[in-house]
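I opened the model to look up a few local features. My notes follow, entry by entry.

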Amino acid sequence: MTSSRQHVIRLTTASAIALGAVMSLGTSAHAANVDVPYECRTWVQGNTHPVYDYKRGFDVTVPASVEAGKKFQATYDPAPITAFAEYNKTVKDVRVAYRIPEGAKVKKLKLTGGSGLGDSALTVKVEGADIVVSASGPLEGGVEFDLPTLKVTYKAPKDPGTLNFVPGGSSYEQPGFYWYRYQPILDEWGPFECFPDPAKPQTVLASTQVAK
């Protein structure tokens, strides 16, 4: 049902119908074995149902230190995913959000790589405090896909300190991870939507020191 790269999950029976396979952990040069817990829900026949213990992995790479006011690059690589075909026959509008580090300015965005995405239109854009990467689909359930790696050129703030790179999203209306799926058992479309679990400490994907 799932590959060895996926986490064990706990969910209600109703919640299962929109759930996709959970990500393996990612690694970063400065935050190894990153494990991002999300608060998630799905919709079943017009009602919401929670999905418990959903986690996604990310490999985020940044320099150990950067010079104040200068440009530097950060690389965000999400782990591949396989949607449970039984509950997700078709998946569309897959999104993942990354929070822009406080004080940093986005100068350039670039997507590279990715696999299993078919004819998806791939986009990346700044939405408020987040950078959102999306793939339009449609994607087939049960087939692994890998969203593109995001490369961001930032300008560091002028003041010294620590820049933390954290997952984006702040609510179901502004999700950190999202897709829209066709559930064949009930013959209906509906969203699977998540944001970083506010009941748990904020997950730092990587960090860098800004120096004069």
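Strands are DSSP runs of E with at least two residues, and helices are runs of H or I with at least four, numbered from the N terminus.

This is a predicted model, where local features need pLDDT of at least 70, side-chain atom pairs count only at pLDDT 80 or more, and totals for chains, interfaces and linings use all residues. Residues are numbered from 1 along each chain as its sequence is written, and side-chain values use heavy atoms, with hydrogens and water left out.

**Entry: backbone angles**

Most residues other than glycine have a negative phi, and most peptide bonds are trans. Asp53 has a phi near 55 degrees, a positive value in a residue other than glycine. I found Asp53 in strand β3 (residues 47-56). Asp53 has a relative accessible area of 32%, so I logged Asp53 as partly exposed.

Asp187 also shows a positive phi, near 55 degrees. Asp187 sits in the loop between β14 (177-183) and β15 (188-196). Is Asp187 buried or exposed? Asp187 is exposed, because its relative accessible area is 54%.

I then checked the peptide bonds. The bond from Gly137 to Pro138 is cis, with omega near 5 degrees. Pro138 lies in the loop between β10 (130-135) and β11 (139-140).

**Entry: strand β10**

Which strands pair with β10? I count strands as paired if DSSP finds at least two bridges between them. Strand β9 (residues 122-127) runs antiparallel to β10, and six bridges join them. Val124 has Val133 as its bridge partner in β10. Glu127 is bridged to Asp130 of β10.

β9 and β10 make a hairpin with two residues between them. Gly128, in the turn, has a positive phi of about 65 degrees.

Strand β7 (residues 90-99) also pairs with β10, antiparallel, over six bridges. There Ala97 has Val132 as its bridge partner.

I checked cover next. Six of the six residues of β10 are buried. Asp130, Val132 and Ser134 are buried on one side, and Ile131, Val133 and Ala135 are buried on the other.

I looked up Val60, in strand β4 (residues 58-61). Val60 is at 0% relative accessibility, so Val60 counts as buried. Val60 and Leu205 are 145 residues apart in sequence, yet their C-alpha atoms are 6.1 Å apart.

**Entry: charge on the surface**

Which lysines gather in a patch of positive charge? They are Lys70, Lys71, Lys105, Lys107, Lys155 and Lys158. I took patch members as residues with over 30% relative accessible area and no salt bridge, like charges being joined within 9 Å. A salt bridge here is a side-chain nitrogen of Lys or Arg within 4 Å of a carboxyl oxygen of Asp or Glu.

Lys70 lies in the loop between β5 (65-67) and β6 (71-78). Lys70 has 44% relative accessibility and therefore counts as partly exposed.

Key:
Buried means under 20% relative accessible area, exposed over 50%, partly exposed in between (1.4 Å probe, protein chains only). Patches are made of residues with over 30% relative accessible area and no salt bridge: like charges are joined within 9 Å, nonpolar side chains (Val, Leu, Ile, Met, Phe, Trp, Tyr) within 5 Å. Accessible areas come from the Shrake-Rupley method with a 1.4 Å probe; for residues, only the protein chains shown count as cover. Lys and Arg count as positive and Asp and Glu as negative; His and the chain ends are not counted. The place of a charge is taken as NZ of Lys, CZ of Arg, CG of Asp or CD of Glu.
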